[in-house]
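Morning, everyone. Please look at the screen.

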Amino acid sequence: MKHLTLGSVCPPAVAGLLRCYNMKFCPFAQRALIILEAKNVKYDIVNINLKQKPEWFFEKSPLGKVPSIEVDGKIMSESLVICDYLDEVYPEPPLHSPDPWRKGQDRMFLEIFGKVTGGFYNVYFSRGDKDTLNKGLTNARAGLDSFETELAKRNTKLYGGDKPGMLDYMIWPWMERLPVVEKFCDQAVLTENCYPKLFSWREEMQKDSAVKATCISPEVHYKYLLTSLSGFPDYDMELAMPSHL
């Protein structure tokens with residue numbers, strides 16, 4: 001489905017289906033889609049042009065952001081809030097640890113991951129400024145260092161153990177885009193030498209069915225980002241949605 005824009009009409013609800021308001025290239029929206037896929041939930045997608053949002057979209061998301069979900073006419077926004085809700089309403093498989101301490105640690109590491117995402121955005125918007133690019137790389141690597149150390153401490157393949165947990169899924173959208181960062185800075189970041197645990201983690205995550213169902217290739221991510229940086233994002237580039245029904 002193409003991304004709806006100004007002057008469009010909101011599609012009628014599909015009876016019995018949760019609806020997710022989405023933008024194909026948004027990593028925050030991808031979080032929600034991954035959890036829906038992991039929980040094997042049937043859902044409906046409505047794509048939104050974030051540059052020229054439909055007038056009616058603000059009724060579905062007061063801040064005009066994606067993701068937003070609609071269930072029986074009720075609206076919920078913010079990716080972490082949505083994903084926690086989905087984990088409670090659809091308890092299988094459980095994605096949060098039953099141990100309150102580990103669950104708290106996972107949420108703490110989500111905050112730490114802000115170093116990584118902030119670093120990525122510095123690289124994207126460096127526009128030839130080497131100081132900005134190097135600052136971004138330094139921040140991203142500092143965040144990745146923390147995740148490498150934590151995975152070694154847990155002595156597991158994934159942060160959730162043998163299978164992905166909420167922390168794994170919440171950081172994945174940005175790790176999927178890491179090859180784009182590497183292309184922008186013309187150097188490898190996540191190497192097996194520097195990050196052996198994270199390197200293996202990425203290989204394991206790429207085997208996961210929910211990740212496969214929502215993934216976009218680095219080549220397409222890169223092409224989209226170039227259009228976004230130009231000020232004319234091509235939201236409908238190579239449009240293909242997950243098989244979710």
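I will go through some peptide bonds and then some phi angles in this predicted model.

Start with the peptide bonds. Which residue is joined to Pro67 by a cis peptide bond? The partner is Val66, and omega for that bond is about 0°. To find Pro67 on the screen, go to the loop that runs between helix 2, residues 57–60, and strand 3, residues 68–71.

Next, Glu92 and Pro93. The peptide bond joining them is cis, with omega at about -10°. Where does Pro93 lie? Look in the loop between helix 3, which covers 79–89, and helix 4, which covers 100–112.

Now the phi angles. Asn40 is not a glycine, yet its phi is positive, at about 60°. Asn40 belongs to the loop that links helix 1, residues 27–38, with strand 2, residues 43–47. Is Asn40 buried or exposed? Its relative accessible area is 69%. The cut-off for exposed is over 50%, so Asn40 counts as exposed.

You will find Asp186 in the loop between helix 8, at 178–185, and helix 9, at 196–205. Relative accessibility for Asp186 is 71%, so this residue is exposed as well.

To recap: Val66 to Pro67 is a cis bond, and Glu92 to Pro93 is a cis bond.

Key
Residues are numbered from 1 along each chain as its sequence is written. This is a predicted model: local features need pLDDT of at least 70, side-chain atom pairs count only at pLDDT 80 or more; totals for chains, interfaces and linings use all residues. Side-chain values use heavy atoms; hydrogens and water are left out. Helices (H or I, at least four residues) and strands (E, at least two) are DSSP runs, numbered from the N terminus. Buried means under 20% relative accessible area, exposed over 50%, partly exposed in between (1.4 Å probe, protein chains only).
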